Amino acid sequence: MLNQWLYIGIFVVISVFLPGVAILLARVLSPKKPTPIKNSVYECGIETYDKTWIQFRIQFYLYALVFLIFDVETVFLFPFAVAYGQIPLFMVVEAIIFIAILMSGFLYIWRKGALTWR
Amino acid sequence: MNFIDFLKDPIMAIAEWLGNLLSTWGVSDSWSTFILYFLGAAVLGTLALLLTLIFIWAERKIIGRLQDRFGPNRVGPWGIFQSVADMVKIFIKEHIIPDGVDPVPYHLAPVIVVASVLMVLAIVPLSSTLAGSDLNVAVLFLLAVGGLGEIGIIMAGWGSNNKYALLSAFRASAQMISYEIPMAIVLLITVLLSGSMSMSDIVRAQEVPFIILLPLGALIFFIASIAENGRAPFDLAEAESELVAGFNVEYSGLKFGMFYVADFLRAFISAVIFATIFLGGWRGPGAETIPALGIIYLVIKSLFVWFLGVWIRGSLPRYRIDQMMMINWKFLTPLAILLLVLVMLTGKLVDNAGSFIQVVTMLVLNFILLAFAVWVLRRREKREKIAEIGSRSRPVARPDNILKNNMMEG
Amino acid sequence: MNVQQVIFISFALVTVFAAIMVVSLRNLFHAALWLIVALLGVASIFALLGASFFAAVQILVYIGAIAILLIFAVMLTRNIMSDETTQTNRAWGLAVILVVVIFFIIVSQISTWSGFSQPLTDLPLSGQESILALGKGFVSPNGFALPFETASVLLLAALLGGVYIAMDREKE
């Protein structure tokens, strides 16, 4: 099993290395003429007039939270899915109870409106 | 070995020859494995990045034809050197770095986004003998590198010191994380059916390709992977004709090129994953004995799926962000979970029947669920129409309205 | 010192360094990025130990969900760009001394454990079978079926609590 992670580790290093080298090469090859106008922040062609922070919508946080819960649920279900072929029916029903508990929560937050983008 | 054996499995033959060469030079076994892995990974990575040029050209031609125009056709016959010209141009463009950027996230983000796309290639089984890494949790790894891509996008948006880039980065990452849930659930169903999380095992378990066992699951996975990729009709974060370029507005030169490459490469790699999981990967007539055919089958299948993706891109209008989220959370996710529960139950119930009955049961189940989903959607559409018509308290601006008002005021 | 030990020590050093950077940086976004590095280090240590399921889950859940949630939560606070407060309070000298003393107590007590002198043996399961055993353990009644269901209730509580608190704030 370590051999497989070795390959993945090598692939990670290479896939970080290849774009990195390409970008460094492009930095070497490209002209460098910074002017104040070129360096200013883009705002559809007009000057920026406010500090750079935005009113962050809580909707993003809600989506990330729901995603986290369902991600953990899926992670719990993966070993069960691997063992699916060899377990009797009542154990499958146990997993369905697991899913049903979380689905009731999903239904609650759906009705509460946490999933609607306003 | 003679020439025919070499033709049957060229890559493993070369690998074996190199391995023999290294051991005659006295290199120890583990180091020679390391060197072979390194060479294989380097070749695969470079090949993927270079093939992206061909895919960019092909996509531009196909979308051009879909929109009733030629694509690029000046640079070389049929414009095949257009991508090379674009690549050379992007390499030598100036890297404009705006004021106030956060240097580490800003410079690392393109690298991380491209790396997260390339890393998927490490686990794809290319033929019956040639799999990069037979990781026993390959399906989870697939989902995990999607998460790394989202981090890259957030870094790009934050590092740009531009509030529009930040907003667009948040929208793009919210879209990407939302659509990972239906993907994960459908992958869970395929793991259920094949009993293993390793890609090679999933391919080997597909005596009957999973698209026949799970057409609805394949549809959900296809839609979710297009949305995860950020392509039309889900490309709100990067609407090329509307916003300037979303979260990569402050990038120029090759850094922007890297985001572009990641987008197009990811389209093809999602197609490869779809082909591996649902269409049977390298399976085909004669692929067991002649591994070289396996790679050809995989490429053909993934090109077909990729073409479907390009076709959809050229045909459908863009979704708004609230429509996108509604599709995911209120349609795809409940449908996927319903499919999962039903497959779990019927899988156990028809466990002892013959394989033909199992296949037919699964197919019927999928179509019943699809019909149910369409019925629910129609009901919702009718309810929305009634709600909209019922709320006509504001006068709608129609041409005859405006004329009447003008005539009344004289 | 074989290669595996060298790799482990380098991953461990990266993880510890990233953890120190997380708690000592002022810019919250940079701290979140260093947290991602620390989590990647932990995932690599899991992979070295052969627990590939946990390595993948670490990246998928911790980095792909929790770190993103943290970054979104960090963005919800207003003045993240400039944090003028110092990272230490007046009692930091006493705290350092206490921490070092407790560290040495813990290390000296743990190092007397006999398990450290026995070499690690792999589980007699390999590849898919370890995950198979995990899966069967999750749902078998004399395995971990009750904690499995309790975990779903815990997740439900987290979901409802988080949504309730966040939606309350939106209505303000």
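## Helices of chain B

The helices H3(B) and H4(B) cross in a right-handed manner, a term used when the near helix is turned clockwise from the far one by less than a right angle. This is a predicted model, in which local features need pLDDT of at least 70, side-chain atom pairs count only at pLDDT 80 or more, and totals for chains, interfaces and linings use all residues. Residues are numbered from 1 along each chain as its sequence is written, chains are lettered from A and ligands numbered from 1 in the order in which they are written, and side-chain values use heavy atoms, leaving out hydrogens and water.

Let us look at that pair. Their axes, lines fitted to C-alpha atoms over the stretch in contact, lie 8 Å apart at an angle of about 120°. H3(B) is therefore oblique to H4(B). Here is who meets whom, with contact meaning heavy atoms within 4.5 Å:

| Helix | Residue range | Residues in the contact |
|---|---|---|
| H3(B) | residues 29-66 | B:Leu53, B:Ile56, B:Trp57, B:Arg60 |
| H4(B) | residues 82-91 | B:Gln82, B:Ser83, B:Asp86, B:Met87 |

By residue type, this contact has four nonpolar, two polar and two charged members.

Now to H6(B), with 22 residues (138-159). From first C-alpha to last, H6(B) reaches 32 Å, close to the 32 Å expected at 1.5 Å a residue. Of its 22 residues, 22 are buried (under 20% relative accessible area, with a 1.4 Å probe and protein chains only). Just after H6(B), B:Asn161 takes a positive phi of about 55°.

Finally, B:Leu377 sits in helix H14 (residues 355-390) of chain B.

Key: Helix = DSSP H or I, 4+ residues; strand = E, 2+ residues; numbered from the N terminus. Expected span 1.5 Å × (residues − 1). Buried < 20%, exposed > 50% of the residue type's maximum accessible area, 1.4 Å probe, protein only. Axes fitted to C-alpha atoms, helices over the stretch in contact; angles between N-to-C directions. Parallel < 35°, antiparallel > 145°, perpendicular 65-115°, else oblique. Nonpolar A, V, L, I, M, F, W, Y, C, P; charged D, E, K, R; others polar.
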